[in-house]
Amino acid sequence: MLLRTKHKNCAAAWVVFSLTFFHVYIGLHLSKSKIYSPENVSSSSSNFYNEFVGPKNEPIIELALEVAKKPNIPPLLSNLRSIDESKLPHKCGIIFFYHIACTGGSSINHWFGKQVKLNGPHTSYWTKWGRNEKVEASFIKGMTKQTQNIGPNEWRFVHAHGMSYFPNVSEVYLYQWREEVESQGCGFVVTTMLRDAIGHTISQTKGMIKPNLTLDQFMSHLEPEHYNQRGHFVTQLDYLLYNMGPRNEYNATKEEKVRRAIEILQRHFDVLLLSDYDRFTVIMNKITGWVPLKLRASNIFGGDLNYSYAELQKIKDLTESNGDVAFIDAVKHLYYPGTLDYLLL
C-alpha cells in the first residue's frame, strides 16, 4: 500500500512501503543485438546510436561488447532479481549511492556518514563530485580503486553526485565494479531515491529565488526547442541519464529516455525507493548489519513557494513533456506492484 503525505521541500516526501521480501533491481532487459551499430539500432532520434551507446573509454570496450550480447528480457516484475534475506547481512561490500538532487539525498548522505562513524574502522566514506565534466574521470579512477582489496569485514560507502558519473554513457563501469567486488565475496549495492515528478520540479524552483529569476527563465531549458541546453536544475529522469550534463543532447524522444532510464535501473540498481526513507534505512541495515539509526531531514527549505494556476500548469506541462511523469509512473508499475491497478478497472 502506498500512502502519501504533503511535502514542501526536497527532504520531505514520505511514502510507506511494506515489504517482507524486497526485490533487487539488477536489470535484465538487454539488447538483442550482438553489438550495437548505427545500422542495428532503430530509433526516431537522428543520433540515437551516439547518445545511447557507450562507453567512450577504450580499456573496457571489450566488456561493453559482451554486455551487448546479453539476451533481451522484458522489464517485468517476474524478471527482477531479489535478495534472499536469510543470507543477510553481507559480511563486506560497497554501497554505491547515486544521489539525484532534491530527492532527500542530502539526508541519506548524512545518514551514511553517521553510520560510518558509528561502525568503526572497518567502514569508510568516499565521494568525488563537482561542477565540471572532468570530475567523472577522477571519480571512475577513484571508484575503481575503491572496489579493490576490500577487507573481510569491511564496508565502503561511495557517494556519486554532481558530475561524478554519467550512467547513460558510462554504464559499463557498473558491470565492472560489481564483478570486481563480488569476486571478493562481498556485496555490491547500487541505490538511489526517487520522488513524485511534479513535486520534484516544484521543489527545485526554490533555486530561482537567490538569482532572482522568473519561472519562465528558470524552466526555459525544458522548452522543446532548448533540448541541448544545461538548465538551472535537472529533473530526475535527466539526472539518472545525463547527471548534470545537457538535458537531451541528441534530442531523443521522451519515450526513448524513459526506456533507457528503466533499463539502467533494472540492470544495476539493487535498492530503489520512492520517498520511503524509513524503509530505506531498514533495508540498508539488513544488508550491512549496521545498528539502527534514525534518518533525520537535512537541507530543508524554510521559505514559501507561491505560484499562480498558470505557473503551476506550466510546471506540470514541462515536467510531463520531458518524460519525468511517465518515468515515475513506469517505476511505480515495475517496483511498486498494484499501485496502478486502478487503471485496469
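The crossing of helices H10 and H13 is right-handed. Helices (H or I, at least four residues) and strands (E, at least two) are DSSP runs, numbered from the N terminus.

This is a predicted model, in which local features need pLDDT of at least 70 and side-chain atom pairs count only at pLDDT 80 or more, while totals for chains, interfaces and linings use all residues. Residues are numbered from 1 along each chain as its sequence is written, and side-chain values use heavy atoms, with hydrogens and water left out.

Back to the helix pair. The axes of H10 and H13 come within 10 Å and cross at roughly 40°. The axes are lines fitted to C-alpha atoms over the stretch in contact, with angles from 0 to 180 degrees between N-to-C directions. H10 contributes Val258, Ala261, Ile262, Leu265 and Gln266, and H13 contributes Ala326, Phe327, Ala330, Val331, Leu334 and Tyr335. Contact here means heavy atoms within 4.5 Å. Sorted by type, the residues of this contact are 10 nonpolar, 1 polar and no charged. In that count Ala, Val, Leu, Ile, Met, Phe, Trp, Tyr, Cys and Pro are nonpolar, Asp, Glu, Lys and Arg are charged, and the others, Gly among them, are polar.

Now the whole chain. The protein has 13 helices and 5 strands. Of its 345 residues, 52% count as buried, which is under 20% relative accessible area, with exposed over 50% and partly exposed in between (1.4 Å probe, protein chains only). Among contacts between residues at least 6 apart in sequence, 80% join residues at least 24 apart.

Next, the cores. A nonpolar core is a set of buried Ala, Val, Leu, Ile, Met, Phe, Trp, Tyr and Cys residues joined through side-chain atoms within 4.5 Å. The largest has 70 residues, and Phe96, Trp177, Met284 and Phe327 touch the most other members. Helix H13, residues 324-335, gives the most to this core, with 6 residues. A second, separate core of 10 residues includes Met208, Leu213, Met219 and Leu318. Leaving out residues up to four places away in sequence, Phe96 touches residues including Phe139, Met143, Trp177 and Phe188.

Which helix holds aspartate 324? Aspartate 324 is found in H13, and it counts as buried because its relative accessibility is 2%. Its side chain and that of asparagine 322 are joined by a polar contact of 2.7 Å. A polar contact is a pair of N or O atoms within 3.5 Å; within protein, one must be able to donate a hydrogen and the other to accept it, and residues adjacent in sequence count only if both atoms are side-chain atoms. A polar atom of the aspartate 324 side chain also lies 2.9 Å from the backbone nitrogen of leucine 237. The C-alpha atoms of aspartate 324 and valine 258 are 7.8 Å apart, though 66 residues separate them along the chain.

The other is aspartate 270, in the loop between helix H10 (254-268) and strand S5 (271-274). Aspartate 270 counts as buried because its relative accessibility is 4%. What does its side chain reach? It makes a polar contact with the side chain of arginine 178 at 2.8 Å, and reaches the backbone nitrogen of valine 190 at 2.7 Å.

Valine 271 is found in strand S5 and is buried, at 2% relative accessible area.

How values were computed:
Left-handed = near helix turned anticlockwise from the far one by under 90°.
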